[in-house]
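These are my notebook entries on one structure. I looked up helix packing, the core around it and a few loop residues.

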Amino acid sequence: RLNGFDTGQTTFETRAIGGGLTRSDWRELIDPWRRTVDIGWRDDTTGILSPLLPHSGLIMGWNYEKNTGKMTVASAEARTILTRRMLFGVGTYSLGTRRITDRSLPGMIKQILLYATKGNLSVVWNMPFEFEVFSEIGTESATYWNYLFEDAEQLISDWQNSAGGPDVHWQGRRNLTTGKRDWLVRIGGPDGPRLTGPVREFRAAGEAIDMFNVGEAGDGTEMRTGTMTLGSGSDEDIHHGEAATVAVAGEYPSLDVVDQFT
């Protein structure tokens with residue numbers, strides 16, 4: 001989706017999939033925030049996979065029907081992680097005020113993304129988001145104060161929705177050589193704020209879920225790895241606390257949530 005993130009669901013017929021996957025295998029495959037659902041194309045003639053993915057979504061949760069063996073997995077586009085990212089992480093509050101000056105509208109968005117998804121703040125901070133090259137020089141400036149605890153999604157949306165703001169799109173990609181997946185962040189540039197290309201909607205119908213079947217479900221939408229707790233005070237005098245799980249490479253990406261305790 002352009003200029004936002006969409007959600008979807010994918011149903012797997014677990015009894016029809018070969019390979020002898022166990023219960024623990026499935027749990028590992030559908031772990032929220034650590035895994036994605038990628039939908040791609042394969043050429044019927046050559047058998048070659050397309051490197052571009054029409055959909056690549058972070059897994060948010062799942063619902064399993066024991067009677068039918070159906071596993072329905074909920075996902076959300078990669079941009080959703082920005083709702084769990086500020087321009088600083090746990091342990092870097094003192095460095096969190098960011099001043100961005102003399103940038104174009106696309107340049108402002110790119111700099112916000114760099115703060116929120118790059119910089120090696122921990123081994124699980126960096127996201128595989130790649131940016132197109134464009135001129136960043138412009139007339140826009142902004143100061144983002146750490147004590148406001150604003151998430152990157154809101155900051156990007158503000159620039160995207162401003163007068164003349166550019167389109168922004170996360171294009172999922174599969175590296176056919178390494179097998180790894182990343183996202184190209186496409187941002188409208190100096191030649192025009194609007195991105196070109198076809199607009200398509202993909203939907204696949206299936207049987208309705210029988211609510212009377214025995215099953216189990218998991219919901220990862222409330223998961224977090226870090227917490228910022230805001231107490232009394234205002235602006236730079238606000239009291240706050242912070243804590244996070246120990247970051248381990250290959251585990252959950254940084255997911256920081258703000259709680260009010262005034």
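Entry 1, the helix pair. I found that the axes of helix α2 (residues 105-117) and helix α3 (residues 152-160) come within 9 Å and cross at roughly 175°. Axes are lines fitted to C-alpha atoms, for helices over the stretch in contact, with angles from 0 to 180 degrees between N-to-C directions. Helices (H or I, at least four residues) and strands (E, at least two) are DSSP runs, numbered from the N terminus. I therefore record α2 and α3 as roughly antiparallel, the term for angles over 145 degrees. On α2 the contact (heavy atoms within 4.5 Å) is made by L105, M108, I109, I112, L113 and A116, and on α3 by A152, L155, I156, W159 and Q160. By class I noted ten nonpolar residues, one polar and no charged; Ala, Val, Leu, Ile, Met, Phe, Trp, Tyr, Cys and Pro count as nonpolar, Asp, Glu, Lys and Arg as charged, and the others, Gly among them, as polar.

Basis of the entries. The model is predicted: local features need pLDDT of at least 70 and side-chain atom pairs pLDDT 80 or more, while totals for chains, interfaces and linings use all residues. Residues are numbered from 1 along each chain as its sequence is written, and side-chain values use heavy atoms, without hydrogens and water.

Buried means under 20% relative accessible area, exposed over 50%, and partly exposed in between (1.4 Å probe, protein chains only). The cover over these residues includes α2, β8 (140-144) and β9 (168-174). At the start of α3, I found a side-chain oxygen of D151 within 3.1 Å of the backbone nitrogen of E153.

The largest nonpolar core has 30 residues, and I112, Y144 and W170 have the most contacts inside it. Such a core is a set of buried Ala, Val, Leu, Ile, Met, Phe, Trp, Tyr and Cys residues joined through side-chain atoms within 4.5 Å. α2 gives the most to this core, with six residues. Beyond four places in sequence, Y144 touches residues including M108, I112, L155 and W159.

T80, in the loop between β5 (70-77) and β6 (98-103), is buried at 7% relative accessible area. D43, between β2 (36-39) and β3 (52-53), is partly exposed at 38%.

Terms used: Angles under 35 degrees count as roughly parallel, over 145 as roughly antiparallel, 65 to 115 as roughly perpendicular and the rest as oblique. A polar contact is a pair of N or O atoms within 3.5 Å; within protein, one must be able to donate a hydrogen and the other to accept it, and residues adjacent in sequence count only if both atoms are side-chain atoms.
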